[in-house]
Amino acid sequence: MSNHNSASEHISSVGSSVAIWLALLAGTGITVAAAFIDLGPFNTIVALTVATIKATLVVLFFMHVKYTHEKLTGLVVVSARRVFFVYRSKPVIIASVLCCLFVDVILAKLTLYCLWKGRT
Amino acid sequence: MHTSPAAVDEHAHENPALLHHFATEEQQKNAASLGMWVFLAQEVMFFGGMFCAYLVYRYKYFADFGSASQQLDIRLGAINTVVLICSSLTVVLAVRAAQLGKRMALVFWLLATIFLGLVFLGIKADEYAEKFEKHHVPGASFSYHELLPGQEKLPEAERQYADPHHAEMYFSLYFAMTGMHALHMIVGVGLFGFLAYMAWRGKYTPDYYTPLENAGLYWHFVDIVWIYLFPLLYLIDRHR
């Protein structure tokens with residue numbers, strides 16, 4: 001336990017924090033600019049892709065999930081199951097579960113809605 | 001806990017913030033962190049339900065939702081997004097100041113976060129006030145007479161208007177989602193007020209700053225919710 005770098009021990013440098021901050025601002029600029037261009041259905045895709053990238057940056061760097069284990073980089077959002085079996089870092093598993101939970105809630109409620117709609 | 005004199009002596013050298021029912025500081029920190037993530041997990045479920053409702057109704061009343069979405073002020077939404085992103089940075093710097101034991105810097109960044117949170121809430125209040133003026137708040141006085149997206153190009157006689165009931169559904173979801181988000185912001189501002197006071201009293205040291213870290217996680221989570229709310233409510237229906 002003692003050799004693991006837990007999330008709390010990482011001290012983020014001012015430079016990297018500002019870099020992430022600039023990236024988040026750039027992402028906001030991109031989505032707003034894209035909203036004024038007619039891209040058809042791609043308006044939604046661009047907006048939500050950029051939002052997901054921004055959310056990932058916040059989770060990885062601002063919430064320190066990236067620094068919880070040297071091997072986990074980037075895997076937080078990719079696959080909870082893979083992370084669960086390959087990387088045994090608690091915060092990563094939790095963060096992955098959060099993402100899956102969100103998708104799961106959406107899918108479960110959509111399924112219920114479709115069943116309800118099918119009956120009426 | 002049965003303590004021999006030796007054990008008491010051992011404890012005396014440790015961090016005073018270490019509670020007696022935890023074996024080590026790391027265990028205490030891990031327990032608090034796990035609890036925070038579990039809390040965030042239920043927050044994800046809580047907001048997930050509303051996002052799902054929004055998805056379903058947007059699919060069902062696609063054109064009317066487009067019309068209603070275009071009533072929002074994209075500039076105010078964008079400014080609020082920037083304000084929240086800046087507040088996330090100040091939180092990161094506050095936690096960093098705590099880790100480095102810089103007390104005044106910590107208090108400063110916490111106050112900066114509170115300030116940015118209040119700016120966000122002020123802009124939100126301004127947006128809400130506009131909705132009240134336009135009677136776009138769901139309820140008895142709701143009224144909505146706006147064109148469906150793209151109809152302004154047609155001659156006047158052929159133009160179609162959005163169904164007010166469907167637009168009302170949009171605004172119900174708008175107020176539910178941004179209202180719950182704003183409530184989280186208010187809680188966060190209160191939390192940071194408390195933390196700033198405790199930090200000013202010198203409660204947090206490089207050995208003990210778990211409350212700051214967990215409040216930071218909460219604030220970043222609230223930021224992420226807005227990162228999704230902003231495109232969904234303001235942006236994706238600009239063009240129809």
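Let's begin with the largest nonpolar core, which has 81 residues, among which B:Ala94, B:Leu106 and B:Leu110 touch the most other members. Such a core is a set of buried Ala, Val, Leu, Ile, Met, Phe, Trp, Tyr and Cys residues joined through C-beta atoms within 7 Å; buried requires 20 or more other C-beta atoms within 10 Å of a residue's own, with C-beta atoms placed from the backbone. This is a predicted model, where local features need pLDDT of at least 70, side-chain atom pairs count only at pLDDT 80 or more, and totals for chains, interfaces and linings use all residues. Residues are numbered from 1 along each chain as its sequence is written, and chains are lettered from A and ligands numbered from 1 in the order in which they are written.

α7(B) gives the most to this core, 18 residues; helices here are DSSP runs of H or I, at least four residues, numbered from the N terminus.

Now for the meeting of the chains: 39 residues of chain B and 37 residues of chain A take part in the contact, judged by C-beta atoms, placed from the backbone, within 7 Å. On the side of chain B that touches chain A, α2(B) has the largest share, 15 residues.

Finally, look at α2(A) and α7(B), whose axes (lines fitted to C-alpha atoms over the stretch in contact) come within 10 Å and cross at roughly 175°. That makes the two helices, α2(A) and α7(B), roughly antiparallel, a term for angles over 145 degrees, taken between N-to-C directions on a scale from 0 to 180 degrees.

Definitions and conventions
Contact = placed C-beta atoms within 7 Å. Buried ≥ 20, exposed ≤ 12 C-beta atoms within 10 Å, placed from the backbone. Parallel < 35°, antiparallel > 145°, perpendicular 65-115°, else oblique.
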